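Here is a short note to read beside the model. Please keep the structure open while going through the points.

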Amino acid sequence: MNAKVLKTLEYHKIISQLTELAGSQPGKELCRNLLPSSDLEEIRTLQAETTLALSRIYQKGSLSFSGVTDIRGSLKRLEIGSILSPQELLRICALLETCNRVKAYSRKENDDSEKDLLDVMFEALSPLTPLANEIRRCIPSEEEISDDASPALKSIRRSMKQMNDKVHAQLTSMVNGSARTYLQDAVITMRNGRYCLPVKAEYRSQIQGMIHDQSSTGSTLFIEPMAVIKLNNELRELELKEEKEIEVILANLSGQTAEYLELLEDDLTLLTKLDFIFARAQLSRSYNGSEPDFNEEGIIHIKKGRHPLLDKKKVVPIDIRLGEDFDLLIITGPNTGGKTVSLKTVGLFTLMGQAGLHIPAFDHSKLAVFEEVFADIGDEQSIEQSLSTFSSHMTNIVEILKKADPRSLVLFDELGAGTDPTEGAALAISILSSLHQQGIRTMATTHYSELKVFALSTPGVENGCCEFNVETLRPTYRLLIGIPGKSNAFAISSKLGLPDEIIEEAKNQLSQQDEDFESLISDLEHSRVTIEKEREEINRYKAEIEALKARLERKQDTLDTSRERILREANEQAHAILREAKEYADTTIKNFNKFGKAGIDAKAMEQERSRLREKMSSVEKNLVLKNEKKPSKQLKPSDLHLGDSVRVLSMNLKGTVSSLPNAKGDLFVQMGILRSQVNIKDLELAPDVDTVSKYQSRTHTGKIQMSKSASVGVEINLLGKTTDEAIAELDKYLDDAYISHIPSVRVVHGKGTGALRKAVHNYLRRQKHVDSYRLGEFGEGDAGVTIVTFKK
């Protein structure tokens, strides 16, 4: 791409924003050198990288590359065997730590997913964690080497500390002792790396030692006392040993680092490239960009594009098409209406897209790959070169016409302006015709009506306009393709207060052809507005219909789901009831077969059990949900009396009225052992049944319960059973007896060792429906029998 168009379309401002988002200096350098490419495969690779990085940012957040620095100089020194400084080793360590952080960021929860371009780069990183840890252990900061870097260094520093303590102790004794009167200040100071005392000049002979310095006035001499010279010498020797040992440590670390030269170079290259890629993704996120679809057919279709350098809260999105039905677009409209912005948007989007950057537009916008982009935008009048506005424009146009070819995109702003309108319009038509005949994709803005007519009458050329609201005297910045723009000069002048007679006189100056053309444009604009309103209304109706359809489908889905759930629950309940009946029948047959009670026909009972099993299988296959029962006749409170037999419809159980309805119609009904509050609307009168015994005459609880009451005796014999068998049989017997409303029963457990009696009593103690129990008296079975009384 030519450098001029990059400046004209303000591509450098996009690059500046991109550079700010890079986290490392090498990454910033890549951003600064980013230029558009004309290789379709390279463009698609760059776009794919940006898209993948943007997806990761949305999923995992941003990724920092601040620890990446240019270590190529240090690596070169390692190649020739040099020893690196602590600062250089720490920069290598920071790069490796960043590499480790980036590697951790790349890890996926699902390792089986297909690897993409970035995964390959992430996997190629080598964090060299042992090397990084060793450098960080030995060099905590740029000014410090750790005592633990080597045993020798630790020993030397321990000796230095001890020597320092001796020197300080010696000097402190002098400061606090006889030499105090000779000192300027009672302090210990250091000169040339040696510990000294500040002695007054007049007492220099009183302190034996070596003079290292004096104050600016000469009144104070800094003397190293003779008593500490040897100690200071030993301390200096230790310092030299320390420096030598540090050099050994740095040499060892440099040697270890030199073993990984190639890996470090690869890490630097990969991290720099990843920083560059994630900077592009961050830029895309900042303006809500998307990846465009590129083609080599010269087709441009931008959907709701927004110029990236304008305030995204204020900029009006535009739709632009070029290269499919037409290859020349002529845009007309008033000044400040957005014509130039439309040109720059197309040009800048092309440059950004070919540089691998996303564009701020809807998904799947189309851009073409161009070898060159040419733009003649703005006033480049030059006083030094004696060029007028027209001359400067024409100089650019001549240069463009020489270099443009079918693989170029050409943008003209105010083509033919700056000279006589008639000649300017003729030149503009001629220039555009030449480009159109070569099949060069071109966009041009103009105010000339002749160019509007040219677009209407030439195949492959299309009109466009930037919409203007005459009522508010403001542009809407919407780009409308297929409609020529109207100048609106008369309407704007009238709104601003120009007298009507002047406007009428101006209209008379127009030729009939011009007037007819402007009227045609006005009629087209009016028709367009009407059609747009009708289209919006149709779209609104369609949206409402879609919403109603979706709501109806959701409602139907809910009903289907509820129906299936109700049927399933009903089937499960029916299956549970039948399974319970089968188990009860099986238990009954087992008991009768075991004890062989007289009068029981086992064969008949087995046939009944088989019938129940067949009935259960049939119900499991074909069970359907019956309609909810409704009372055959609505009861009134006056229809009910205490003791009346009723049926509770919601529970399908019979019961006895135990309280009269209240004001709300609620009353209590006794259903066997269950006493429940129901509403009168859920009841219907039930016919009385014949009593079987005095207990059943009170319950009115239905045929099943009467049958059970008739079969349950007042005594159970547990003799000969184990504790577990006896308790299981006693549990079921007591439940049946209590349901049958038998007031008390007799449990025969025998005397024996007393274990069975103890188990029975422990069990009875825990039963809530047992009121009391006692051992039998004389004539009742004595201690071999327990009499159990139920609660009423």
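The points below cover confidence, aromatic rings, charges over rings and one asparagine.

1. This is a predicted model, in which local features need pLDDT of at least 70, side-chain atom pairs count only at pLDDT 80 or more, and totals for chains, interfaces and linings use all residues. Residues are numbered from 1 along each chain as its sequence is written, and side-chain values use heavy atoms, with hydrogens and water left out.

2. The predictor's confidence in each residue is given as pLDDT, from 0 to 100. The protein chain averages 82, and 83% of the residues score at least 70. Over residues 381–386 the pLDDT is below 50, and this stretch has five contacts beyond near neighbours in sequence; a contact means heavy atoms within 4.5 Å. Residues 689–710 also have pLDDT under 50, with 30 contacts beyond four places in sequence.

3. Rings of Phe, Tyr and Trp (its six-membered ring) pair if their centres lie within 6.5 Å; planes under 30 degrees apart are stacked, over 60 edge-to-face, and the rest tilted. The model has five aromatic pairs by this rule. Helices (H or I, at least four residues) and strands (E, at least two) are DSSP runs, numbered from the N terminus. Both Y105 and F278 are buried, where buried means under 20% relative accessible area, exposed over 50%, and partly exposed in between (1.4 Å probe, protein chains only).

4. The ring centres of Y738 and F790 are 5.6 Å apart and the planes are at 55 degrees, so this pair is tilted. The pair links helix α22 (residues 723–739), which holds Y738, to strand β23 (residues 785–790), which holds F790, 52 residues apart. Y738 is partly exposed at 24% relative accessible area, whereas F790 is buried at 5%.

5. Y105 and F278 also belong to one aromatic cluster with F65 and F122. K60 lies over the face of Y105, 5.5 Å from the ring centre, and R191 lies over the face of F222 at 4.0 Å. A charge counts as over a ring if NZ of Lys or CZ of Arg is within 6 Å of the ring centre and within 35 degrees of the ring normal.

6. Which strand holds N717? N717 lies in strand β20 (residues 715–717), and N717 is partly exposed, with a relative accessible area of 43%. N717 and H749 are 32 residues apart in sequence and 6.6 Å apart in space, C-alpha to C-alpha.
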